[in-house]
Structures are given as C-alpha cells and as structure tokens.
Amino acid sequence: MRRGLLRSVVRTLDERTGAAPFTRKALRYVFPDQWSFLLGEVALYSFVVLVATGIYLTLFFDPSTAKTVYHGSYAPLAGQEVTDAYNSALRISFDVKAGLLIRQTHHWAADVFVAAIVIHLVRIFFTGAYRKPREITYVVGVLMLFLALLEGYLGYSLVDDLLSGMGLAIGYSVALSIPFIGANLALLIWGGPFPGEPEFWSRMYITHVLILPVIIGTLITLHLVLVASRHHTQFAGKPPRSERKVVGLPAFPGYAPRSLALFFSVAAALFLLGGLVQINPIWLWGPYHVGQGTNGAQPDWYLGWLIGALRLVPSFDVVIADRTVVPNPFWGGALFPLIVMAALLAWPWVERRFTGDYAVHNLLERPRERPWRTAIGAAVLTWVILIFIFGAADRIYVLLGVSYQLQLWIFRVLVFVLPLAVLFLTRAICLNLQRLEEHDREEHRAEEEAEAAARTEALAGKT
Amino acid sequence: MRALGRILRAVAFVVLFLARGLGAFLGRLRPRKRERIVPEQESDARAEWAVALLLFGATAAAVMFLLIYILDLGHSTQLLGLSLGVAFALIAAALVIASRRLVPIESNAEEYSEPVKRGEHREGEEQVLQIVSESGNRVTRRKLIGGAGAAAGAALGAALIAPAASLGPALDTASLYETPWRRGRRLVDDRERPYLASDIEAGSFYTAYPEGGDPDEIGSPLIVVRLDPASLHLPAGREDWAPEGILAYSKVCTHAGCAVALYRKPLFPEAEQRPAFVCPCHYSTFDPAAGGDVIFGPAGRNLPQLPLQIDPQGGLRAAGDFSGPVGPSFWGVRTRGPS
C-alpha cells in the first residue's frame with residue numbers, strides 16, 4: 001500500500017515535470033568519501049543554522065538608535081539611557097524565553113561558519129582542487145569567504161554595545177582612509193560623520209538580514225550546482241578510480257544519511273555551544289558612546305587578522321605639503337585584506353602561468369606532489385597567522401608578560417623572516433617525502449623482482 | 001449529535017470506497033520483477049535496535065526541551081541548549097549507525113563529464129558562436145547601433161546610480177572638520193555638571209563634553225588632565241592653552257576613531273615613562289605635555305588640543321576650537337590646525 005502511494009506520487013510528479021530521469025540520476029550521484037570533503041558541508045550546515053536562528057532574532061530585534069531607558073530584568077543597567085537596538089538585544093538575552101540560547105547559537109554559528117570556510121579553503125588549496133575545470137567554483141567560494149567576513153562584522157556591529165561601537169569606529173576609519181574617495185565613501189555609507197545618521201542602522205540591518213544572506217545563498221547554490229555538474233574531485237586510488245571515473249557512495253541511499261548525520265552533528269555542536277558556552281555577553285560591555293572605550297577589546301576571531309595588521313603597520317601616513325594623503329589604517333585595514341583576496345582569486349591562473357598546465361584535472365594532488373604550491377601556501381598562511389596572532393598581542397602581554405613594545409618588534413621581523421623560512425622548509429620537506437616514497441617504491445619493486453626470481457629458480461629446480 | 005454521527009459515517013464510507021478503488025488501481029500497477037539497482041545486503045537487528053533506541057533518546061531530549069521551555073526552569077539557557085543539543089546529537093548518532101549498518105554500502109563508479117579540449121571546440125560551442133554571428137547579419141551600421149546602445153546604457157546606468165548620492169553628503173566633506181567647541185563653551189561631565197578647575201586633580205583623568213551639546217558627536221568628548229605647568233613643552237603659540245597646567249585633548253584617536261580611554265601616569269617618575277594617553281584599540285600613544293605628540297603606535301597625527309580658560313567662577317571653558325581636525329584621518333585632511 002505504501003509502495004503504491006509512493007508510486008502514484010512519483011508518477012503524478014513525473015507526468016507533470018518530467019523529473020524522473022533526472023531524479024534517478026541524482027539519487028545515484030556518486031560522492032567520493034573522504035573526511036576532508038566534509039568541511040564545505042560543515043560551512044553549509046552552519047549557514048542553515050545561521051538563517052534559522054537569524055530569522056528568530058529578527059522577530060525581536062529593533063535596529064534603531066533612538067534612545068530609550070532600559071527597564072529590563074538585568075539590574076546593573078536599570079535606568080540607563082540606551083538605544084533601541086541595544087535595548088532589544090538585552091531583551092532577547094534576558095526577557096525572551098530561549099532568546100539567549102538562540103542569540104548565542106547564532107553568534108557561535110557565525111564563528112564556526114567562517115572557520116569551516118577557511119579550513120575548507122586550505123584543503124582545496126593544498127590538494128589543487130581548484131584546477132581546471134573548477135576555477136569558477138573556487139572563485140565563488142573565495143568571494144563567499146569575504147562576504148561572510150562582512151556579514152559577521154555587520155552582525156555584531158548591529159547590537160550597539162561598547163565593542164560593536166568600537167568596531168564600527170575602526171570600520172569608519174578604514175573607509176575614511178581609502179585614497180581619494182575615502183571621505184566621500186564614508187559619508188555616503190554613514191550618512192554623515194561618525195557615528196552617522198539614524199539611517200545608518202537601517203542600512204546595516206537590511207544588508208545583514210537580507211542583501212548579504214541572499215547573495216551568499218545565491219552563491220552557495222551556484223557553488224553546489226558547479227560542484228555537481230563537474231562532479232567531485234577525488235584522491236588517486238585503485239581502479240576503476242581514475243581521471244575519467246569517480247568512485248564512491250551513491251547519494252541515495254548510501255550518502256544521504258551520512259550527510260544528514262553531519263547536519264545534525266553541526267546543529268548539536270552549535271546549540272550545545274550556544275547553551276553552555278557564553279559568547280559576547282553584551283550586558284557586561286554596556287552601551288556604546290563615542291567617548292568610551294575599553295582595554296583588551298577583541299573582535300570576533302575572523303577579524304583578528306585585520307586588527308593585527310592595523311596594530312603591526314608602523315606609524316606611517318603619506319603626507320604631502322601638510323595634508324595627509326594616505327592615512328595609516330588603509331595599509332592594514334583595507335590594502336592587506338584586498339591583497340590577500342586578490343592573491344587567492346588570482347592563484348589558479350598564476351599557478352597555471354608558471355606550470356603551463358592547462359589540462360583538466362579530476363584527481364587531487366597530495367601536498368608533497370607540488371612542492372612550490374605547498375611551500376607558497378604554507379608561507380602565506382604563516383604570514384596571515386602571524387599577523388592574526390599579533391592582533392591578540394595585548395592578551396599575550398597579560399598571559400605571558402612579554403611587553404607590547406617588544407612583541408611589536410619581534411612580530412615586525414617575524415612577518416618577513418618566518419614565511420620565508422617556512423617557504424624553503426616546506427619545499428624541502430615535500431621533496432624529501434617524495435624521495436622517501438620513491439625509495440620505498442624501488443625497494444618494493446626490487447623485493448618483488450627478487451621473489452619472482454626465486455620462484456622461477458625453485459620452479460626450474462623442480463623440473 | 002445525530003448529524004455529526006451521520007457525517008462521520010458518510011466520511012468513513014467515502015474513505016473506504018476510495019481506498020478500495022485505489023487498492024485495485026495500484027494492484028494493476030504492481031511492478032514486474034526487475035533487476036536490482038541497489039544491491040541486497042544483510043540486515044542487522046542489533047543496529048536496528050540501536051538506531052531505534054537513539055531516536056527514542058532524541059525524542060526524550062526534545063520533550064525535555066519542551067518541558068524546560070514551557071515551565072521556564074531556572075538556568076534555562078543552559079538546560080535548553082543542553083536538551084536541544086543532545087536531541088540533535090542523538091539523531092546524528094542514529095544516522096551514523098544507519099549509514100553504516102542499515103543502508104546498503106556500495107562503491108559505484110561514474111564517468112566524469114567529458115572535458116572540453118583546448119583548441120578543439122565541441123559542436124555546441126561552434127553553434128553558439130554561429131548563432132551569435134549569423135544573428136547580426138541584418139545590421140550594417142554596427143558602430144552606430146553599438147555607440148548608441150553604449151550611450152543609452154551609460155546614461156541610464158548613471159541615472160539609476162545617481163540617487164545613491166542621497167545616502168549622505170558625499171561631496172561635502174566640510175562636516176568632517178566640524179566640532180561643537182567654541183570660545184566660552186563650558187566643559188561638563190556625562191551628567192551635564194560643569195567642571196571647575198579645582199575638580200581636576202593631578203594623576204587622574206576626566207572625560208568632558210560641551211555644555212548642551214550632543215556627547216555622541218565625534219568632536220565632543222575631551223580628555224582633561226592636570227600636569228605640573230613646569231613640565232609642559234607645548235608647541236609655540238599654545239603657551240596660554242593650559243591654565244594651571246590643565247590640558248584638554250580630543251578623546252577620539254586620530255588613527256582609527258576609538259576613544260583614547262587609557263591614561264598612563266608614572267608612579268615613579270625616574271623609572272617610568274612620561275604621562276601618556278593610550279588608545280586601547282591599536283595602542284597609539286600621545287604625549288599630553290607636548291601638545292598631543294604621537295610617541296608610540298600607528299597614529300599619524302597629533303591628538304588635537306583644545307585651548308582652555310578658567311572663568312571668574314573657577315569653571316573650565318573652551319578658549320577656542322581644537323588645534324587640528326578631530327577624529328581619524330582621510331585623504332587631504334590638514335595635518336595641523338584649521339587656524
């Protein structure tokens with residue numbers, strides 16, 4: 001009876017859409033199975049949790065800087081004049097049932113989302129998965145990473161607590177520092193000098209809850225369609241696995257429960273974090289005012305590399321005839337991330353320029369097989385991570401007692417020296433691993449030959 | 001009641017009738033014996049029980065969530081997160097076992113789509129090019145049409161983008177130089193109480209705002225400190241800006257706009273550095289005794305100083321506007337004062 005029902009559903013749909021042959025193919029779409037292929041899925045499922053929790057938050061959040069007096073249940077702030085934005089974020093945290101769980105889960109999901117994208121990108125880079133015919137998939141992915149950074153920044157800026165205001169002040173200064181158009185651009189975005197007109201909050205809000213999520217959602221769709229149309233890459237292995245044939249589990253029934261299990265695991269981790277591990281306790285920071293700041297302020301982890309860059313760049317403005325031309329925040333806050341993004345976007349074509357490899361590749365490479373790529377990737381990663389670590393120099397001082405000034409000079413040297421050292425060291429390690437493997441293979445071959453010889457001899461002896 | 005009973009009976013009859021009809025219809029559609037697509041594999045009773053138990057566990061955890069939510073128990077954020085997280089985790093565990101033990105495990109091979117070789121266009125590509133080129137054969141004045149199209153496109157594009165200028169005063173950057181400080185304006189604290197010169201003690205640091213002004217304007221907040229007048233070495237022309245050694249500077253960092261919220265006051269003048277204002281965002285450090293000079297960190301301009309005067313009642317007032325533009329720098333900003 002149930003089979004019969006299913007049959008009639010399938011038939012009804014097929015007669016109206018003609019989707020059966022496609023569905024049949026899609027059900028048996030082959031997924032090569034390897035743990036590192038799941039990183040992109042972790043990002044995807046974090047995005048799902050972000051959208052779901054985000055929709056819930058929009059039902060309570062009031063993106064307005066109009067002033068109101070706080071009368072919620074958090075006593076230390078009682079009677080304080082705050083903005084509606086901060087007031088409603090406090091209300092979500094203290095007076096909406098399950099509100100804090102959802103708010104914290106949303107925040108954790110954002111942190112995990114960006115982390116998953118970054119680790120996914122690292123995997124894609126070091127295995128050469130971006131090579132022809134998958135460059136567009138890669139470019140779409142890199143664009144999503146940078147959109148996700150902006151989306152996260154807007155998200156925690158909306159709350160209007162002390163930290164979000166400090167972050168916005170820095171964002172305003174970076175916008176202001178862009179050569180030639182900076183002042184005009186910042187005044188356009190903020191509607192006037194910092195902290196901006198009330199409309200600025202409407203602009204941030206619609207960008208955070210509609211414009212960027214729709215763009216990211218569209219790019220995710222494009223990313224997945226491109227992946228499916230060219231099929232997944234895979235590591236080399238036993239036949240029939242080859243450049244021409246992909247081997248793995250079919251989407252249904254084999255792969256579907258695995259992927260669903262991953263979704264439920266991601267959701268479990270995010271809700272456990274959201275419930276049990278406090279994140280961004282905005283009531284402790286208090287409301288933002290232009291004249292207030294706090295020591296030890298840190299952004300969400302994914303902006304750590306930018307605060308590190310802003311701190312690391314030496315005091316250096318381009319000044320012509322008593323006029324500042326390029327203010328300092330431009331170097332660390334705008335140029336540095338733009339260079340990293342441009343380098344990531346250009347990489348597949350840059351590499352091709354040097355290797356002359358225009359062929360289609362479906363098999364992944366192991367990092368050791370491409371010593372230069374692996375070395376360059378490791379060096380750039382080291383560079384960015386060093387700058388990221390320096391973003392927490394004030395916390396390192398509290399932890400280890402190394403003075404900020406000393407750290408500054410150590411890191412200013414390290415960001416040049418260490419990537420170079422890593423470059424050559426990584427290359428040497430790759431070449432060594434290759435040589436070891438070659439050696440093992442030869443030994444293996446020699447043994448086999450010796451065995452074969454012994455066998456023929458024995459056979460000859462018998463006859 | 002009788003009417004309801006009659007309706008129910010009628011509904012039951014119709015449902016039964018339809019079900020029988022559907023059954024007969026489906027019976028005719030019964031499939032012939034077909035070759036298997038998904039391979040037959042052995043069942044695993046223990047795994048089935050494990051999956052069922054895990055799903056029952058998830059049910060219990062989800063019900064716990066509902067109870068905690070409805071009863072609004074104490075520490076509810078933690079308990080809500082725990083119960084919901086556990087429910088998700090148990091379903092995940094059930095799915096992991098299902099994917100390994102309840103679902104046929106296959107290793108299938110599928111062809112990658114045919115790669116397009118460089119230089120040898122496939123038929124489809126050729127046809128795309130052909131369609132494009134053949135479609136243009138009725139047009140003879142290509143440059144004219146192309147130029148007109150480009151002009152229309154550019155003009156319409158500009159027309160559509162132009163309203164973005166309403167977003168803000170993009171062309172009028174003079175507002176970036178404006179501050180609420182004027183000669184004679186009183187310094188007040190965050191509750192609008194005027195500061196007296198005698199309020200300002202050495203070794204401490206005060207935030208001041210313009211009386212009756214918006215404290216959240218970037219040009220409003222000041223840091224006020226008292227130093228030994230003999231230790232001051234202000235730039236020329238500022239000799240009378242610090243009556244009794246009381247100094248006022250903009251509280252907004254010239255590097256990235258954060259509040260310069262830290263004051264470093266040496267406790268042992270011989271061993272420690274001079275007093276300094278420090279911004280907690282990127283640790284730009286300014287020397288209050290020397291007119292706000294940058295002595296450490298990434299800031300490129302001095303902290304703007306506000307000239308002070310003490311009125312006959314002993315109150316602190318501004319004696320003019322700042323020594324230079326307030327807030328973070330931008331293209332073309334004057335590095336020194338507007339005066």
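**View 1. Burial and folding of chain A.** Of the 463 residues in chain A, 49% are buried, a class set at under 20% relative accessible area with a 1.4 Å probe and protein chains only. This is a predicted model in which local features need pLDDT of at least 70 and side-chain atom pairs count only at pLDDT 80 or more, while totals for chains, interfaces and linings use all residues. Residues are numbered from 1 along each chain as its sequence is written, chains are lettered from A in the order in which they are written, and side-chain values use heavy atoms, without hydrogens or water. Chain A contains 16 helices and six strands, taken as DSSP runs (helices H or I, at least four residues; strands E, at least two). Among its contacts with a separation of 6 or more, 77% join residues 24 or more positions apart; a contact means heavy atoms within 4.5 Å.

**View 2. Extent and charges of chain A.** Along the principal axes, the C-alpha atoms of chain A fill a box of roughly 105 × 70 × 40 Å. The 39 positive charges (Lys and Arg) and 34 negative charges (Asp and Glu) have mean positions 9 Å apart.

**View 3. The interface of chain A and chain B.** Chain A brings 98 residues to the contact and chain B brings 87 residues. About 7,800 Å² is buried between the two chains, with carbon and sulfur atoms giving 63%; this is the accessible area (1.4 Å probe) lost on being put together, summed over both.

**View 4. Salt bridges across the interface.** Three salt bridges are found between chain A and chain B, each requiring a side-chain nitrogen of Lys or Arg within 4 Å of a carboxyl oxygen of Asp or Glu. In one salt bridge, K67(A) meets D216(B) at 3.4 Å, N to O.

Key:
Buried means under 20% relative accessible area, exposed over 50%, partly exposed in between (1.4 Å probe, protein chains only). The place of a charge is taken as NZ of Lys, CZ of Arg, CG of Asp or CD of Glu.
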